[in-house]
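Colleague: I am new to this structure and would like to go through it with you, question by question. Could you put it up for us both?

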Amino acid sequence: MEKLVLVDGNALLHRAFHAMPPLTTSSGELVNAVYGFTSMLLNALSTLKPDHLIAVFDAPGPTFRHQAYTQYKATRAPAPEGLYEQLPRIKQVCVAMSIPIFELSGYEADDIIATLARQAKSQVEVIIATGDKDAYQLVDKNVKIFTPRKSFSDTVIMGEKEVQDKMGVTPAQIPDFKGLAGDPSDNIPGVRGIGNIGAAKLLQKYQTVENLYQHLEELPDRTKKLLAEGAEDAVLSKSLATSDDHVPVKVDLAQSRLSSYNKDKVTELFQELEFKSLLGKLPQASVAYQKIPENQLDMFAETKETPKVDSELGVVLREIETNGVLVDLGVLKKLKTDIDAKVASLEKDIYSAVGHEFNLNSPKQLGEVLFDELHLETGKKGKNQRSTAVDVLVGLRDAHPVIPFVLSYRELFKLKSTYIDAIPALVGPDGRIHTSLHDDVSRSGRLSSTAPNLQNIPTRGELGQEIRRAFVAPKGAQLLKADYNQIELRVMAHISGDPALCEVFKKGQDIHGQTAAWIFHKKPREITADERRVAKTVNFGVLYGMSAFGLAQSLRIDPKEAAKFIDTYYKRFPKVRRWQEEIKALAYQQGYLTTLGGFKRYFLELQSTSYLQRAAGERMAMNMPIQGTAADIIKKAMVDISGKIKATGLKTKMIMQVHDELVFEVPEGELPVVSKMVRAIMQDCFPLSVPIIVDLKVGPNWADMKSLDV
C-alpha cells in the first residue's frame with residue numbers, strides 16, 4: 001500500500017524553534033526553526049519512504065473556534081521574536097522540493113490534515129508528521145503519527161496501541177478526554193476538578209462525554225457535582241478539541257506524488273541557508289524540475305468553483321509570480337566585482353583597527369573582540385550585554401573607530417549574500433526572477449516575498465539603486481512604477497480624524513516640511529533638508545509608537561530634545577494621541593484590532609505579565625490598524641488593476657509589489673492608457689477622507705526612472 005505523509009508545518013515550526021539553538025547564517029539570518037523543520041522533513045523522507053507528501057500550514061487570523069469561544073488559545077504567550085519570520089523560508093524549502101502546500105483561512109492546519117487524511121486513507125496509508133498531540137485523535141488502522149521525541153533524529157511512529165498506552169484512552173476518545181480534562185495549551189477549559197487521570201477512568205467506563213452525562217446518577221456525589229456544574233464546559237471543550245474533517249479542500253494523490261525536483265536548486269538554497277550538514281541527506285532526484293504549486297487551484301477545490309483559500313488576491317499573487325521580472329545578469333556581475341573589492345577593503349580596515357584578523361561573520365568572535373579586547377559596554381544587562389546585533393552596534397558607533405567599519409561591512413555583506421550572489425542562481429530559463437509572494441506571514445497584513453526578498457532591497461543609497469538597476473524591461477517595453485505617496489500618514493489622518501493633519505493633506509502640503517516648521521519654529525520655506533529629515537523621522541516615529549529614547553537614538557540627539565519634538569507633534573495633532581490611547585484601550589478590551597479592510601490581528605502580548613511584552617504589544621496595536629489598512633488599500637488596487645488589464649485585453653504585466661509600490665512591464669504603445677488607468681484605480685479604489693496620491697515613474701529599469709505626468 002502506498003504512503004501519504006502529511007506534514008504539520010506549524011507544529012514542526014514551533015517544535016524546531018524551541019528545540020534548536022539560535023542558529024544564524026554568516027549574514028545574521030536566524031534559521032534554527034528552518035533547520036529543525038528541514039531536518040525532520042528529510043528524516044521523514046528517509047525513514048518513511050513515502051509515495052506522496054503534502055505540507056499543511058495554519059492560515060493567519062481567527063478560526064471558527066475563536067468565534068465559538070473567544071478565549072480559545074488566549075492564554076498562549078506571544079510568539080517569540082524570530083519565529084514566524086522563518087515561515088517564508090520553511091515554505092521556500094517545501095516549494096524547492098516540489099512539495100505542495102495547503103492552508104485555508106478560517107481553519108487550523110489540524111482540520112485540513114484531518115480532512116485530507118479522511119479522504120485519502122481508503123486509498124493509501126496516511127502518516128502525519130507532527131509534534132502536536134491533537135493529531136492523536138486521527139489515528140486508526142490506516143493513519144499513524146510520526147513524531148520527534150528528544151530530537152529531530154529521534155522519532156517514533158505511533159499507532160492505535162501507542163496512543164492508548166500514552167493517553168489512557170483510544171484515539172477516537174481524545175476529544176472526549178479534552179472535553180473533561182481540558183487542554184491548557186489551547187485554553188480549553190474542560191471540567192474543573194476532573195483532571196487527566198479522572199477523565200481517562202471515566203471514559204474507560206462510559207466511552208464518551210455524552211454517554212457519561214446519561215449516567216451521572218451512577219457516580220460518586222463529588223464527581224457528579226463537578227460534572228453537573230461543568231456540563232456546558234464539557235460540551236464546549238469537546239467541540240473545540242474535535243478536528244473538523246470536512247474542510248473544503250480536496251486531496252489529489254496525483255498532484256501530491258513525490259515528483260522529481262531540481263537538486264541543484266535545492267542545493268543552492270541549502271548553501272544559502274548554510275545547511276551543509278543536510279546536503280548529504282537529500283533524497284535522489286532527477287534534474288527535471290516540476291514547479292509546485294502551479295496547479296494548486298485544483299488541489300484546493302472540491303468543485304470547479306473558486307475555492308475559499310484562493311481569493312481574488314491569491315490569484316493575482318500567482319499571476320505576479322508567473323510573470324516574473326527580467327534580470328540583467330551583466331549588471332549584477334559588475335556589481336559583484338565592485339562589492340567584493342569594497343568588502344575586502346572593509347575587512348582590512350577592521351583588522352587594522354583592532355590589530356589582528358578574526359572571523360567577522362562569527363558573532364562569538366566579534367563579541368570577544370568588542371567586549372573582551374576593546375572593553376566596550378552596551379549598557380544592556382544579562383545575555384544582551386554582549387550582543388552584536390545591529391541595533392546594539394548602532395548605539396556603539398561613537399565608542400570606537402572600528403564600529404562604523406563593522407556596520408558598513410554587515411550591510412554590504414548582507415546585500416551581497418542576499419541579492420548580488422543569490423539572484424543569479426534564482427533566475428529561470430526565461431531570464432526572469434519569479435519571487436514567491438506571501439499574504440500570510442506579516443502580522444500587520446502586509447505582503448512579503450521570498451527568493452528573493454524584494455521588500456528588503458534598500459530604497460535609498462547607491463548600492464540599493466545599483467541592485468534595482470539589474471531589474472529591467474524587455475525590448476519594446478518600459479517599467480512603470482506606481483507608488484502611494486505617504487499612504488500610512490494619510491491613513492492616520494483619516495482614522496484619527498485630526499483636523500490639522502487632515503488639512504495638511506487636503507491642501508496638498510508637504511507633511512514633513514510642515515512638521516519641521518512646527519518643531520523647529522520656522523517658516524516652511526526656511527526649513528533645511530536635514531530638518532525635514534528629522535521631521536520625517538518624527539512623523540513615522542509617532543506612527544510606530546516610538547519612545548523619546550528610541551527617537552533620540554535614531555536621530556542621534558539628546559532624549560530631552562527628542563521628547564520635545566514628540567510633545568510638539570502631539571500639541572499640533574492632539575487627536576492622533578487621543579486615537580492612539582483609544583486604540584490601545586480597545587486592544588486590551590477585546591483582544592484584537594481590525595483594519596478598515598477587515599484584516600484582524602490578535603494581541604496576546606497585551607495579556608503578558610511582562611511589561612516589555614505589553615509595551616511591545618501596545619506599539620503594535622497603535623501601528624497595526626494604520627499599516628494594515630495601507631496594505632488593504634494596495635491589495636484592493638492590485639485586484640482591481642488585474643481585472644481591468646484582463647477586461648481590456650492589455651498586454652501589460654504586473655510584475656512586482658514592494659511595500660507601497662506596484663511595478664508593471666508595459667509595452668511602449670500601452671503606456672499612456674496604462675499609466676492613467678493605474679493611477680485612477682489606485683487613487684479611487686479605497687476612498688479616504690483625505691486625498692490619496694499616486695506618484696508615477698517610468699524607465700528602462702527599476703532604478704533609472706523619471707517622473708511621469710498623466
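Modeller: What follows is a set of questions and answers on confidence, a residue, some strands and a pair of helices.

Modeller: This is a predicted model, in which local features need pLDDT of at least 70 and side-chain atom pairs count only at pLDDT 80 or more, while totals for chains, interfaces and linings use all residues. Residues are numbered from 1 along each chain as its sequence is written, and side-chain values use heavy atoms, with hydrogens and water left out.

Colleague: What pLDDT does the protein chain average?

Modeller: The term pLDDT stands for the predictor's confidence in each residue, from 0 to 100. In this model 91% of the residues score at least 70, and the average for the protein chain is 85.

Colleague: For residues 285–292, how many contacts beyond four places in sequence does the model have?

Modeller: Over this stretch pLDDT stays under 50, and where pLDDT is low, the predicted coordinates should not be read in detail. With contact meaning heavy atoms within 4.5 Å, the number that the model has for residues 285–292 beyond four places in sequence is 20.

Colleague: Is Glu321 buried or exposed?

Modeller: Glu321 belongs to helix 16, residues 312–323, where helices (H or I, at least four residues) and strands (E, at least two) are DSSP runs numbered from the N terminus. Beyond its neighbours within four places in sequence, Glu321 is in contact with His434, Thr435, Ser436 and Leu437. Buried means under 20% relative accessible area, exposed over 50% and partly exposed in between, with a 1.4 Å probe and protein chains only. Because its relative accessibility is 12%, Glu321 counts as buried.

Colleague: Which residue is the bridge partner of Lys697 in strand 18?

Modeller: Two strands pair if DSSP finds at least two bridges between them, and 2 bridges join strand 17 to strand 18 (residues 706–707), the two running antiparallel. A hairpin through 6 residues connects strand 17 to strand 18. In strand 18, the partner of Lys697 is Ser707.

Colleague: How are helix 23 and helix 24 oriented to each other?

Modeller: The axes, which are lines fitted to C-alpha atoms, for helices over the stretch in contact, with angles from 0 to 180 degrees between N-to-C directions, come within 8 Å for helix 23 and helix 24 and cross at roughly 135°. Angles under 35 degrees count as roughly parallel, over 145 as roughly antiparallel, 65 to 115 as roughly perpendicular and the rest as oblique. Helix 23 and helix 24 are therefore oblique.
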